[in-house]
Amino acid sequence: MPTLASPARAAKGAARGGLPPILWLCLAATWLVWGSTYLAIKYALISFAPFLQMGSRFLFAGVLLAAWMRWRGAPWPSRRQWGNALVVGALMLGGGMGGTAHAELTVGSGLVVAFIAVVPLMIALLNLLWGIVPTRLEALGIALGLAGVLLLTQGSGFQASPAGLAAISIACVCWSAGSVLSQRELPLAPGAMGFASEMICGGAVLLVLAALSGESLAWPPTPQAAAAWLYLVVFGSLIAFNAYMVLLARAPAALAASYTFVNPVIAMLLGVWIAGETVTRFEWQAVTVVLAGVLLLLCRRSAKR
């Protein structure tokens, strides 16, 4: 019976032995680079409103990547693949990244990314729809992680911002749904062109949301906000996001989502150290419970190797 740690599309080589170097590089990008992008989002919000920031970032990165791939001879996605990219992009980028940026208006970046650690637990639950049943150890990890998230919502950071809690909850659901659908039902165009099409479609959806929300750009942006936006385009979108999509396509689902175990620690430390954010002892303890649940999911994969 398939489990979360061994979905049908998992790379067979990764399940049997050591990971290929490309997957190690992708893991490093999602673990380390993404851990720092949440603080960059916070600084970019100084001049770029949430949906406008994310939409311009992903649209710009997507167009650059698509142009590069066309120059190398890659074909354009088919009409169906563009349709898949629109759905997946709307979920992962429109709802997922847009909701994350909106949450950071009122909640510290470290707490936001700590909440996002629930994503692999949500993916495990969504995989039930495809008959992928968690093992007892994975079920324990899901229960423990969800309990930690409930504790986290009782901390002062989220209690002070119900709107921020709602935004990050929607973001996690949308990102998880988009991740699962991209693996099982809505395949993108092969390779980087597929990732580019998703960023273009997701960026367009975000810009529509920005227009509907009446967002506007504070021009000229502050040097700090402009540098943060550029960092998000290059490192967050072109490097880390594409690395995540490669992991979704070539690695087990639990491993692809393992960034959620590392990112909270990096983001919370950076938020406290650089941005002076406050994290209470209770919130650190809640995060520890969440990460323990995620670790149980990853331990299942390690036990199979």
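Because the model is predicted, local features were considered at a pLDDT of at least 70 and side-chain atom pairs at a pLDDT of 80 or more, whereas totals for chains, interfaces and linings use all residues. Residues are numbered from 1 along each chain as its sequence is written, and side-chain values rest on heavy atoms, with hydrogens and water left out.

The protein chain contains 14 helices and 0 strands, these elements being DSSP runs numbered from the N terminus (H or I over at least four residues for helices, E over at least two for strands). The radius of gyration of the protein chain is 18 Å, close to the 19 Å given by the globule rule for 305 residues, so the chain is as compact as a globular protein of that length; the radius is taken over C-alpha atoms, and the rule is 2.2 Å times the number of residues to the power 0.38. Along its principal axes, the C-alpha trace spans about 55 × 55 × 30 Å. Of the contacts between residues at least 6 apart in sequence, 92% join residues at least 24 apart, a contact meaning heavy atoms within 4.5 Å.

Buried residues account for 55% of the 305 residues in the protein chain, where buried means under 20% relative accessible area, exposed means over 50%, and partly exposed lies in between (1.4 Å probe, protein chains only). Helix α6, residues 119-126, is largely enclosed by the rest of the structure, because 6 of its 8 residues are buried; these are V119, P120, L121, M122, I123 and A124.

Individual residues illustrate the range of burial. N84, which lies in helix α4 (residues 79-103), is buried with a relative accessible area of 8%, and, when residues up to four places away in sequence are not counted, N84 touches L186, P187 and L188. F60, located in helix α3 (residues 50-71), is partly exposed at 40% relative accessibility. Apart from neighbours within four places in sequence, F60 is in contact with W229 and V233, and the C-alpha atoms of F60 and I200 are separated by 7.8 Å although these residues are 140 apart along the chain. G73, in the loop between α3 and α4, counts as exposed at 59% relative accessibility; G73 and L105 are 32 residues apart in sequence, and their C-alpha atoms are 41 Å apart in space.

The mean pLDDT of the protein chain, the predictor's confidence in each residue on a scale from 0 to 100, is 82, with 90% of residues reaching 70 or more. Confidence is highest in α4, at a mean of 94, and lowest in helix α1 (residues 12-16), at a mean of 45. Over residues 1-16 pLDDT stays under 50, and for this stretch the model has 43 contacts beyond four places in sequence. Where pLDDT is low, predicted coordinates should not be read in detail.
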